Amino acid sequence: MFALQKIISLGSGFVKTNIHNVFILSAVNSPETIAKRNTWTSKPPVQLQLSYQHFAEPTVSANTIPIIVLHGLLGSKTNWNSVCKALAKENFRTVIAVDARNHGESPHIDDFSYEAMVCDVVCLLKELNFEKASFIGHSMGGRTVMLLAQMHPELVHSMAIVDISPVGQSPNMTGLSKLLKQIKNLDLNHDLTLSEARKQAAEKLSKLKLESMLVNFILTNLADNKPISNWRWKFNIQAIEEHFQTEICRFPILHTDVQTRTLFISGMNSDYVSLSCTKLTFDSWQLTVPSKGDTLT
């Protein structure tokens, strides 16, 4: 929490006053490592109205920059409730937790890419009448923020990137691709009640020898869907699985240098964050947090 407060603090309160981020097309970000592509070569993404939750104390400090929190793959805004409440309380700032497209309570759509998610965030800032914001992005949300800083640097005051970097591929990403296919193939009966669906999903996921923490995380995405049906997945598993390898595993690097105050936070054993990658691509402060697992939990 202390580290996050430092990156989103204003003015002289920032630990390292000259901290900044420079996106460059380095060796790590070469076409051989990360798929480099121009943005919107065909048609712009469809802008969606995202679901979000507002956190603020009765008294908010004047002229402060709001904080936008973007969750990771298969997650939702509710994953960050406790952090958002603490940030709002301790900083007297408005905090907004957002559901990405195809996640949580936000709309489902076939189009699923970082460019599309950036488009959604820009639309949200306009809707909220925010000129700029500080961002906390976890995993997929972190990459969305990094691309936003490339495409619209004027909108990003500072950013904390949690457990992700522009690294191209990693063993954990390969495992995620397999997991998405497994979720897609669960084949749960839509006539089941919500409790029955959760029980059946838990049994099938457990047979795949997944960790109980991961199973419980996936099950949080089963929700009531009455009167249409008894239950639904909050995430759009079809679109996510279809575009995971071609879009989500790859980070689009533009021919643009962007300077933005940045903090990287990662689990000690996480392979989602490459130290050499962040050093070559970012002039930033990196904080590594010890954790029991491979990633930051």
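This is a short tour of the model, stop by stop, with what to select and what you will find there.

Before you click, note that the model is predicted, so local features need pLDDT of at least 70, side-chain atom pairs count only at pLDDT 80 or more, and totals for chains, interfaces and linings use all residues. Residues are numbered from 1 along each chain as its sequence is written, and side-chain values use heavy atoms, with hydrogens and water left out.

**Stop 1: the aromatic cluster**

Select Trp231, Trp233 and Phe235, which together form one aromatic cluster. Rings of Phe, Tyr and Trp (for Trp, its six-membered ring) pair if their centres lie within 6.5 Å; planes under 30 degrees apart count as stacked, over 60 as edge-to-face and the rest as tilted. That rule gives 2 aromatic pairs. Tryptophan 231 and tryptophan 233 are edge-to-face, because their ring centres are 6.4 Å apart and their planes stand at 85°. Tryptophan 233 also pairs with phenylalanine 235, and this pair is stacked, with 5.0 Å centre to centre and 10° between the planes.

Now colour by accessibility. Buried means under 20% relative accessible area, exposed over 50%, and partly exposed in between (1.4 Å probe, protein chains only). Tryptophan 231 is buried at 3%, tryptophan 233 is buried at 14%, and phenylalanine 235 is buried at 2%.

**Stop 2: helix H3**

Next, select residues 114-128, helix H3. Helices (H or I, at least four residues) and strands (E, at least two) are DSSP runs, numbered from the N terminus. How far apart are the end C-alpha atoms of H3? They are 21 Å apart, which agrees with the 21 Å that its 15 residues should span at 1.5 Å a residue; the expected span is 1.5 Å times one less than the number of residues. H3 is largely enclosed by the rest of the structure, because 12 of its 15 residues are buried. Among them are Tyr114, Met117, Cys119, Val121 and Leu128.

**Stop 3: the cysteines**

A disulfide is a pair of cysteine sulfur atoms within 2.5 Å, and a search of the whole structure finds 0 of them. Then jump to cysteine 249, which is buried with a relative accessible area of 0%.

**Stop 4: the cavities**

A cavity is a set of points on a 1 Å grid over the protein atoms alone where a 1.4 Å probe fits but cannot get out, and lining residues have an atom within 4 Å of a point. Grid points are joined across faces, edges and corners, and a volume is the space filled by probe spheres set on the points. The model has 2 cavities of 30 Å³ or more.

For the second largest cavity, about 40 Å³ in volume, select Leu74, Gly75, Ser76, Thr78, Asn79, Phe217, Thr220, Asn221 and Lys234, which line it.

**Stop 5: strand S6**

Finish on leucine 222 in strand S6 (residues 222-225). Leucine 222 is buried, at 1% relative accessibility. Its C-alpha atom is separated by 9.3 Å from that of serine 195, 27 residues apart along the chain.

How values were computed: 1 Å grid on protein atoms, 1.4 Å probe; cavity = no way out; pocket = protein on both sides within 12 Å on 5 of 7 lines; lining within 4 Å.
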